[in-house]
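Keep the sequence and the structure open as you read.

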Amino acid sequence: MKKGIITLLIVIGVVLAVFVTCKNGYNNMVQKQESVAAQWANVENQYQRRLDLIPNLVNTVKGYAKHESETLTAVIEARANATRQNITVDELNSQTINEINKSQGALSAALGKLMAIAENYPDLKANQNFRDLQVQLEGTENRIAVERRKFNDEAKSFNLYIRQFPRNLFASMFGFTPQAYFTAEQGAASAPKVEF
């Protein structure tokens, strides 16, 4: 009878230890996944900040650079394209991140051309509103870079956690999959060609 009780206590102890390990592992995976989702929201927030600045910037430039309608139209179209992307953290994978990079890259290129226009219009360069918007846009670009880096850090932490043994068994059992990262755009490693 004592052997039966001891065996039962050992079985209960093992079952309890497995349960606690599974519960803690699952809860930690959920917590890390939520951290990734929260950081994705921060990235989107900065993208939205940039999108919100663009109409004011376009209107300011429009007042001074009436002959630059092609560039202004390109900025407006790039903004519209970036606005159409509404991707949740659950939809983030290498393909969707590449799509985001493409549309955000096109928007950055269009904004770069818009900023270059200011060089041709001294009155525009001197306009305080334009300068303020330019500074805000530059700050937002920096914030986007910081938030994307933080997103990658959170994704790395999550990915490492769910890929380590024995958590990888629980992760696959509960449907946790590795999170994709933001990477540099194609050609970003090559220095741009400058000609005078």
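## Helix packing and cores

Helices α1 and α3 pack at an angle of about 30°, and their axes are 12 Å apart. That makes α1 roughly parallel to α3, because angles under 35 degrees count as roughly parallel. The model is a predicted one.

**Contact of α1 with α3**

- The crossing in which α1 passes α3 is left-handed.
- On the α1 side, the contact is made by Trp-40, Tyr-47, Arg-50, Leu-51, Ile-54, Leu-57, Val-58 and Val-61.
- On the α3 side, the contact residues are Ile-100, Gln-104, Leu-107, Ser-108, Leu-111, Leu-114, Met-115 and Ile-117.
- By class, the residues of the α1 and α3 contact divide into 13 nonpolar, two polar and one charged.

**Nonpolar cores**

- The largest nonpolar core holds 23 residues.
- Within this core, Leu-57, Val-61, Leu-111 and Leu-114 touch the most other members.
- Two or more residues of this core come from each of α1 (2-64), α2 (69-84), α3 (94-117) and α5.
- Leu-57 touches Leu-111, Leu-114, Met-115, Phe-130, Leu-133 and Leu-137, leaving aside residues up to four places away in sequence.
- A second, separate core has 22 residues, including Ile-87, Leu-92, Ile-100 and Phe-151.
- Ile-100 of this second core is also one of the α3 residues in the contact with α1.

**Contact of α5 with α6**

- Helix α5 spans residues 128-163, and helix α6 spans residues 167-174.
- The two pack at an angle of about 105°, with axes 6 Å apart.
- α5 and α6 are therefore roughly perpendicular to each other, because angles of 65 to 115 degrees fall in that class.
- Tyr-161, Ile-162 and Arg-163 make the contact from α5.
- Arg-167, Asn-168 and Ala-171 make the contact from α6.
- The residues of this contact divide into three nonpolar, one polar and two charged.

**Lys-150**

- Lys-150 lies in helix α5.
- Its relative accessible area is 35%, so Lys-150 is partly exposed.
- That class lies between buried, under 20%, and exposed, over 50%.
- Lys-150 and Asn-27 are 123 residues apart along the chain.
- The C-alpha atoms of Lys-150 and Asn-27 are separated by 22 Å.

Note on methods:
Residues numbered from 1 in each chain as written. Predicted model: local features only at pLDDT ≥ 70, side-chain atom pairs only at ≥ 80, totals over all residues. Heavy atoms only, no water. Axes fitted to C-alpha atoms, helices over the stretch in contact; angles between N-to-C directions. Helix = DSSP H or I, 4+ residues; strand = E, 2+ residues; numbered from the N terminus. Parallel < 35°, antiparallel > 145°, perpendicular 65-115°, else oblique. Contact = heavy atoms within 4.5 Å. Nonpolar A, V, L, I, M, F, W, Y, C, P; charged D, E, K, R; others polar. Core = buried A, V, L, I, M, F, W, Y, C linked by side-chain atoms within 4.5 Å. Buried < 20%, exposed > 50% of the residue type's maximum accessible area, 1.4 Å probe, protein only. Left-handed = near helix turned anticlockwise from the far one by under 90°.
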